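I opened this entry to log what I looked up, item by item.

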Amino acid sequence: MKKKSFLATALFLVLSFVLALGACGNGSGSGASGSDSSGSASSSSSENLSGKITIGGSTALQPLAAQAAQDFMSKHPDVQIDVQGGGSGTGLSEVSAGNFDIGMSDVFAESKSNIDASALKDYKVAVVGMTAAVNPKAGVKNLSKEDLQKVFTGKVKNWKEVGGKDVKVELVNRPDGSGTRATFDEFALDGETPAEGITQDSTNTVKKIISEHDGAIGYMAFSYFTDDSVVKLSIDGVEATDENVASGKFPVWAYEHMYTKGDPSPLVKSFIDYMMSDEVQNGAVKDTGYMPVTDMKVERDAEGKQTEK
Amino acid sequence: MGINKTMAGAPSNKDPKLSLLKEKGLIKRFTDHYSESRGRLIIYISASLMIIAVVAITLFLTVQGLRSFVIDRLNVWSFVTGTEWYPDRENNPSFGAFPFIFGSIAVTLLSAVIAAPVAVGCAIFMTELTKKWGQRVLQPVIEILVGIPSVVYGLIGLSVIVPFIKQYFGGSGFSLLAGSLVVGIMILPTVASIAADSIRSVPDTLREASYAIGATKWQTIWRVVIPAAGSSLITAIVLGMSRAFGEALAVQMVVGNARGLPTSIFDPAATLTTIITLSMGNSTYGSVLNDALWSLGLILLMISYIFIVIIRFLSKRRKA
């Protein structure tokens, strides 16, 4: 009798699990068909696509990819796109191994020594600008690049040495290998290694720490400067804005990459084409806080060399 | 019930061979609810799966963890004792994991120091002083504490403990102390419930003998019950420590993750687990950083094996 009831419970659990899965599937399906009505006019002309795409990697690019994937799936109901996180390193590794159809990365594949970059095809889908974020009590709004490096390498320990108030400097870093850290080190600190400080992974935590600790300084993407809790630092008198990044005046920015192994399949290609289309570049890209690649008046290669377009 | 059904169904079966097979053959051996061999098979499979899992994880971690020494030619000694961890530095990257090993051990010991007295006190309260009430009220409270996810502990630490330390002790608040406090609270229920079990297992005859020669309640607890439960109390604490040692998420949120060697408990520090979780996703498979992180994992596994050896040793001594 006891065994039976156990069996019944197990069966019930399995059944409810299956039902839950089914419900999930239905949910996303109906969601997609719901938004379909708005986009059906434009998609009716396109060919019928079907299949599955797996995208993964950079968590910074994940929201944009997820948004674009949602829109793409509502236009092509037979296409299933999975967008996963995992980090840039995971994205590059998995796409090289063939486990992801598209690997997302904040950094050039060339910068990772054990990734065969020549086997990967690079699509730059967006640009992200970054700058230092400072606690308002430090009393600085602009630093020369030289002073910024002194602050981050620990040579300046008090904000009054660089024209701020008498408040101790407190660094907030990102973990090794993080795309944000790599970009900031290379283009804001000119390759200097930052001194020791608190290290946090998520941008929201970094922002919370900077806003709550007097004299704290860290760095993050432009899109996180949404309120007055942290000061968006200008570098060498150049304001950290999308326009200044686009014109090449502001140096700290990075591409968001989507990599495929060799030439992509027609389905993957059509999704990447959709990512590069004006609809996404001027829609989802801007909505999620990135800059369209098409706006850029300068471009940059894997070595970090910047040239006029 | 099950037997009745098969008995009733058997005669009506048309093919005699099939029914024989059903009653005595292989199928029967595995379909009958009360079959000896089926039960044995299930249990043996579960046991061997467990062993295979442990061996496989150990082997996998060892192979992956040794890569950084065998393939990337890092020096084992300088990896374990070096104090500079700059895997990203362009010229001359260095991999010194000592600050993380130190951080892990410091957080573990400090959290045990914080949790042990409270947990043992709590266990004494619920077993010796208020037996009924303790059982009815404190036990569920402890179970609720066990069930709270570690991220919640981390969040509370981030918004309560870190600002508190910053306010009263200076610094940024992200510190060894903050990490130890959060983990100490986390392991409190584990230690308390095991300690309560071990105090309950002290035979009542000991207590009665103590009361008989005129000892007070406190004297009985302090002189008789605690020494009698002694080594299992330590087992409880070591078990809690091994849990503290492996905790990653909650610690990562409050410990600061600075890679330098902390000079006081108010300095930020990093542990083996926090460095692994912070950097793993950003590194590519087969890169030196990735291999070095696996090596940190191997060190973590080795130290937790040491904890297990200590627990085995203690429980053996208790039986002897």
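**Entry 1: a covered helix in chain A**

I started with what lies over helix H3 of chain A. The cover on the buried residues of H3(A) includes strands S1 (51–57), S2 (79–86), S3 (102–105), S4 (120–134) and S11 of chain A. I note that this is a predicted model. Next I looked up how much of the helix is hidden. I listed the buried ones: Ser88(A), Gly89(A), Thr90(A), Gly91(A), Leu92(A), Ser93(A), Glu94(A) and Val95(A). After the helix comes Gly98(A), and I read a positive phi there, near 85 degrees.

**Entry 2: His257(A)**

I moved to S11, one of the covering strands. His257(A) sits in this strand, which runs over residues 253–261 of chain A. Is His257(A) buried or exposed? I found a relative accessible area of 1%; the cut-off for buried is under 20%, so His257(A) is buried. I then checked its C-alpha distance to Leu92(A), one of the buried residues of H3(A). Setting aside sequence neighbours within four places, I logged the contacts of His257(A). They are Leu61(A), Gly103(A), Met104(A), Ser105(A), Asp106(A), Val107(A), Phe108(A), Asp122(A), Tyr123(A) and Lys124(A).

**Entry 3: Gly197(A)**

I went to a loop of chain A. Gly197(A) lies between helix H5 (179–187) and strand S7 (198–199). Gly197(A) is buried, at a relative accessible area of 10%. Which residues does Gly197(A) touch, not counting those up to four places away in sequence? I found Leu171(A) and Asn173(A), and from chain B Gly256(B), Asn257(B) and Ala258(B). I also took the C-alpha distance from Gly197(A) to Lys137(A): 19 Å, for 60 residues of sequence separation.

**Entry 4: a helix pair in chain B**

I looked up H6 (residues 98–129) and H7 (residues 131–147) of chain B. Their axes come within 7 Å and cross at roughly 145 degrees. From H6(B), the contact uses Cys122(B), Phe125(B), Met126(B), Thr127(B) and Leu129(B). From H7(B), Lys131(B), Trp133(B), Gly134(B), Leu138(B), Gln139(B) and Ile142(B) take part. I sorted this contact by class: 7 nonpolar, 3 polar and 1 charged residues.

**Entry 5: a nonpolar patch on chain B**

Val151(B), Val152(B), Leu155(B), Ile156(B), Val160(B) and Leu249(B) make a nonpolar patch of about 460 Å². Helix H8 (residues 150–169) of chain B gives the largest share, 5 residues. I picked out Ile156(B), which is in H8. Ile156(B) is partly exposed, with a relative accessible area of 45%.

**Entry 6: chain totals**

- Chain A has 10 helices and 13 strands. Of its 309 residues, 50% are buried.
- In chain A, 73% of the contacts with a separation of 6 or more join residues 24 or more positions apart.
- Chain A exposes about 14,100 Å², and carbon and sulfur atoms supply 53% of that.
- Chain B has 14 helices and 2 strands. Of its 320 residues, 42% count as buried.
- In chain B, the share of such contacts, again at a separation of 6 or more, is 66% for residues 24 or more positions apart.
- Chain B exposes about 17,500 Å², with 70% from carbon and sulfur atoms.

Technical notes:
Residues numbered from 1 in each chain as written. Chains lettered and ligands numbered in written order. Predicted model: local features only at pLDDT ≥ 70, side-chain atom pairs only at ≥ 80, totals over all residues. Heavy atoms only, no water. Axes fitted to C-alpha atoms, helices over the stretch in contact; angles between N-to-C directions. Helix = DSSP H or I, 4+ residues; strand = E, 2+ residues; numbered from the N terminus. Contact = heavy atoms within 4.5 Å. Nonpolar A, V, L, I, M, F, W, Y, C, P; charged D, E, K, R; others polar. Patch = residues over 30% accessible without salt bridge, like charges linked within 9 Å, V, L, I, M, F, W, Y side chains within 5 Å. Areas by Shrake-Rupley, 256 points an atom, 1.4 Å probe, with all protein chains shown as cover. Salt bridge = Lys/Arg side-chain N within 4 Å of Asp/Glu carboxyl O. Buried < 20%, exposed > 50% of the residue type's maximum accessible area, 1.4 Å probe, protein only.
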